[in-house]
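Please look over the two-chain structure below.

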Amino acid sequence: MSKLGLIVRREYWTRVKKPSFLLATFLTPLAMGLIIFLSVYFSTQMGNTSQKILVLDENNILNEYPLESKLLSCDYKDVDLEVAKKSYIEDGYDLILHIAPITDIMSKNYDVNYYSKEKLGFASIEKIEESLEKSVKKYKLEKSSIDKIAYDKLNTKVALENGLINSTDEDQQGDTTSTAAKGIGLALSYTMGFMMYMVIFIFGGLVMRSVMEEKLNRIVEVIVSTVKPFTLMLGKLIGVGGVGLTQLLIWIILVPLIGLAVIQFMGGDASAMAEANTAQSEEMMKEMASKGLDIPNMIKEAATLNWALIIPAFIIFFLGGYFIYASLFAAVGSAVGEDQAEAQQFMLPISIPVIAAFIMIPAVTDNNDSLFVKFVSMFPLTSPILMPARLPSGPPIWEVILSIVILIASVIFFVWMAGRIYRVGIFMHGKKINAKELFKWIRYNY
Amino acid sequence: MSNILSLRNVVKQYHNHRAVNGVSFDIPKGSIFGLLGPNGAGKTSLIRIITTITGADEGEVLLDGERINAESPKYIGYMPEERGLYKKMKVGEQLMYLAQLRGMNKTEAKEAIGYWLTKFDNKDWWYKKIEELSKGMQQKIQFIATVMHKPKLLILDEPFTGLDPINTNLIKEEIHRMNQEGTSIVFSTHRMEQVEEICKDIVLINQGEKILEGKVEDIKNQYKENIFRLEFDGPFPGDLRSSDFTIIDDSETDVTIKVSEGHNSNELLQALINKGIRIKSFTEVLPTLNQIFIKQVEN
C-alpha cells in the first residue's frame, strides 16, 4: 500500500472505530426525527382534548350561532355568572365563557372573559377565539345587509406560479416547480447548507486538532522522516474527509427512512384516533394541512425535484467545501502551538465566510438571476453552501458546472497553499505567529 | 572501509540565516559516530537533511554510496530529540503503522514487533493504548519504533534525555549489539561525556560549520597539553617548580604537572626521581572532549 494510502487508512479507521463516531452517526438522525415528531405531535395534539364549556352570553349571539369547533362542547345557559362560578365544576364543566353585554354589536373588538381553575394554554385560547370570531362574523353578516353568498365570493384564493417564457429555453426548465415544491426546496436548501456548515466546523476542527496533536507530541517529526509533509497533510485531509463522507452517506440513507417512519407513525396515529373520535382526527388533519403539513402532497412534490442533479452535485460541493476549509484549518493547526487562543484568532476569519454564506441561503434560493447570487454561488469560499442551496430551484446548468470547475481549481490551490504553510509550521515551536508570517511561509523555498 | 554516509558541501539556508554552511564529513560503515555541537549549531538541520525531512540547498548526501532519495527512509532509523507517539493508539497498531511507513510489509512488521516486544518482556502490550503506559515503557516503544525495520543507519538525537537509568542502560546495550551486527550509529548530542564513552569517531560543528573531525583518540592526542598526573607516597619536595614544569593542581597524595614545550615526560620523571619521590603511578592526562569542545567553540 502506498504511504498516502497508509496515512488515509489510519486517519479514517481510528476515527470511524470510535464509539463516539457510531453514536453521532446513528443518534443524530434519530434525535432529529424524534424532535420533528415531537414538535409536530405536540403542535397538533395541544388543545385537542375536548373541553366542556358553560357559555353565558348576555348578548344572545352564541345562542343563535353556536361555536363551531367539534372539540368544544358547549352548553348555553342563562344563569348568573356568580352562581355559575360556584357550581360549574360540580356541573361537569371545564370552564365558563362569559360574554358581557356589548353596547355596539358591530364593534371590531370584543372582550370576552373565561373562568376556570387553571389558566388555558395558548392553543386552547386560540381555538376558542377562532370559533368565537366565526360565530360573531356570522351574526354580524346576518345583522348587516350583506348577502352571505356574495360575501363568500369575496374570498379569492390566489396561487402564484412561475410560468414558462419559452418552452424550449432550458434555463427555465427547473422553474416549473410548484409553490409547494419550492417550500420543500427551501427546506432542502437549508438542510444541505446546515450539513455543510456542520461539516466544515466539525471535520475542519477535527483536522486542526489532529494536526496540533501531532505537532505538540512531536510524532510528526518521525512521520515526516518517512513521508513528505504534504503527503501527511493530504492523507489527513482525505482520511478525515472520508469519515465525513461516510457519515453523510449514512445520513442520506437514514434520514429519509426515519422521516418515512415518523410519517408512518403519525399516520397510524391519526387513523387510530379516527376510530375513537372521527371528529378529532378530521380536525387534526385539517389543521396539519393548514400548517403546510399535507404529507402525501409533500412527498409527491418532493419527487418533482431534480434529484439526479441535486445529490451528485451536493456531494461534489460537500467534498470541495470540506477540502477548502479543512486545508485552511490544517494550516492554522500547524502554525499555532498549544495556545488555543491563538488558534481562535485564526479561526475567526475562516469562519466569517461560512457564517455569511449560511445567512445568505434564503436570498439565493429566491432569485436566480442577480449578479450577486451568481457571484456568491461561484466564489469558492461561499459556493459550497450557496450553490447547493440553489439546486432545488433549478439554476442554469452552466452555472453549476462553472461553479464546480472553480471549486475544484480552488481546492487544488488551497491544499497547495496549506501544504506550504504546514511544512514550515509543524517545525515551529515557541514562536508567536501572525498572518503576515503565514504568507511569508508560503513563499519560502524549503 | 566504505562509508555509510557521506556529506559533501551541504548548505541549508533558511529565510534569514544559514543553518548549515558547507559541511562535509564521512561516517564509516559500522562505526558509532558522534555528531556534536552546542544547541543551535545546526545538528538538527543536518539530521533533517539526512533523514529526508528537508532537502539541502547545495551539496549532496550519499547513503551507502547512493544519493538520498524517497527510498532512503527504509534504511534509516531516526529517533528525534523531541519524540512522541499517538497517545490514543494501541501499541501494536501504532508500531505496525510506523513499520509500514518505513516500507515493511505486514508480515515482516508483525514479526519484528513481536520480536522486540518479547525482548523487552512486553508481549502483552500489543493491545494497550500508549497513554496507559508509563513514561519508561513509552520510551521503549519509541526505541522499538526506531529500530524495528533493521536500519543500516541509526540516527539518535539526544537519545538519553528523559530516559531513566534502567532504560539508558538497556538502550546502550542494544545500540552496542546492533552495532556489532553491522548497524552504523549516529549520536547527536551536546553532552560530551556520553560521546567519549560510546563513540569512536566524531565531528564537531558550530554555527553551521564543521570545526573538528576525526577519531576520538586522535583528537584527544592532537589537543593534549603535556599534562601528567603523579601519585606518590611520602612528602612532595616543594622546589620542583621551575620554568620546565608547572604544577597546576596538587593534594597530599597526587599532583598534576604541565610539562613546558621542548621538554618531555621522561625529563619530568627523571627530575622527580632525582628528588627522591616515591612514585606510585604516573599517567598522561588527555583533555576531555568537553574541554576541547569548549576551547574550540570559544575560538
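## Overview of chain A

This is a predicted model. Chain A holds 17 helices and four strands. It has 446 residues, and 31% of them count as buried.

The four strands of chain A form an open sheet in the order E2-E1-E3-E4, with mixed pairing. Strand E2 (72–76) and strand E4 (113–116) are the edge strands, so each pairs on one side only. From one strand to the next, the twist averages 25°.

Strand E1 (residues 51–57) of chain A pairs with E2(A) in the parallel sense. Five bridges join the two. Within this pairing, A:Lys52 stands opposite A:Ser73 of E2(A).

## Packed helices in chain A

Two packed helices are described by the angle between their axes and the distance between the axes. Helix H12 (residues 307–335) and helix H16 (residues 397–425) of chain A have axes that come within 8 Å. The axes cross at roughly 20°. Angles under 35 degrees count as roughly parallel, and H12(A) and H16(A) are therefore roughly parallel to each other. Their crossing is left-handed.

The residues of this contact divide into 19 nonpolar, five polar and no charged. On the H12(A) side they include A:Ala313, A:Phe317, A:Gly320, A:Phe323 and A:Ala331. On the H16(A) side they include A:Val400, A:Leu407, A:Ser410, A:Phe414 and A:Tyr422.

## An enclosed helix

Helix H15 (residues 383–390) of chain A is largely enclosed by the rest of the structure, because eight of its eight residues are buried. Among the buried residues are A:Pro384, A:Leu386 and A:Met387. A:Ser383 and A:Arg390 are buried too.

## A sheet in chain B

Four strands of chain B form an open sheet in the order E12-E13-E11-E14. The pairing is antiparallel. Strand E12 (245–250) and strand E14 (278–285) of chain B are the edge strands. Each of these pairs on one side only. The twist averages 30° from one strand to the next.

Strand E11 (residues 227–233) and strand E13 (residues 254–259) of chain B run antiparallel and are joined by five bridges. B:Arg229 has B:Thr256 in E13(B) as its bridge partner.

B:Ala56 lies in the loop between helix H1 (43–50) and strand E4 (58–63) of chain B.

Leaving aside neighbours within four places in sequence, B:Ala56 is in contact with B:Val10, B:Val11, B:Lys12, B:Ile49 and B:Val61. B:Val10 is 46 residues away from B:Ala56 in sequence. In space, the two are 6.3 Å apart, C-alpha to C-alpha.

## Where the chains meet

Between the chains, 22 residues of chain B are in contact with 16 residues of chain A. Which element gives the most to the side of chain B that touches chain A? Helix H2 (residues 91–101) of chain B does, with four residues. The residues on this side of chain B divide into 12 nonpolar, six polar and four charged.

Notes
Residues are numbered from 1 along each chain as its sequence is written. Chains are lettered from A and ligands numbered from 1 in the order in which they are written. This is a predicted model: local features need pLDDT of at least 70, side-chain atom pairs count only at pLDDT 80 or more; totals for chains, interfaces and linings use all residues. Axes are lines fitted to C-alpha atoms, for helices over the stretch in contact, and angles run from 0 to 180 degrees between N-to-C directions. Two residues are in contact if their C-beta atoms, placed from the backbone, lie within 7 Å. Ala, Val, Leu, Ile, Met, Phe, Trp, Tyr, Cys and Pro count as nonpolar, Asp, Glu, Lys and Arg as charged, and the others, Gly among them, as polar. A residue is buried if 20 or more other C-beta atoms lie within 10 Å of its own, exposed if 12 or fewer, and partly exposed in between; C-beta atoms are placed from the backbone. Angles under 35 degrees count as roughly parallel, over 145 as roughly antiparallel, 65 to 115 as roughly perpendicular and the rest as oblique. A crossing is left-handed if the near helix is turned anticlockwise from the far one by less than a right angle, and right-handed if clockwise.
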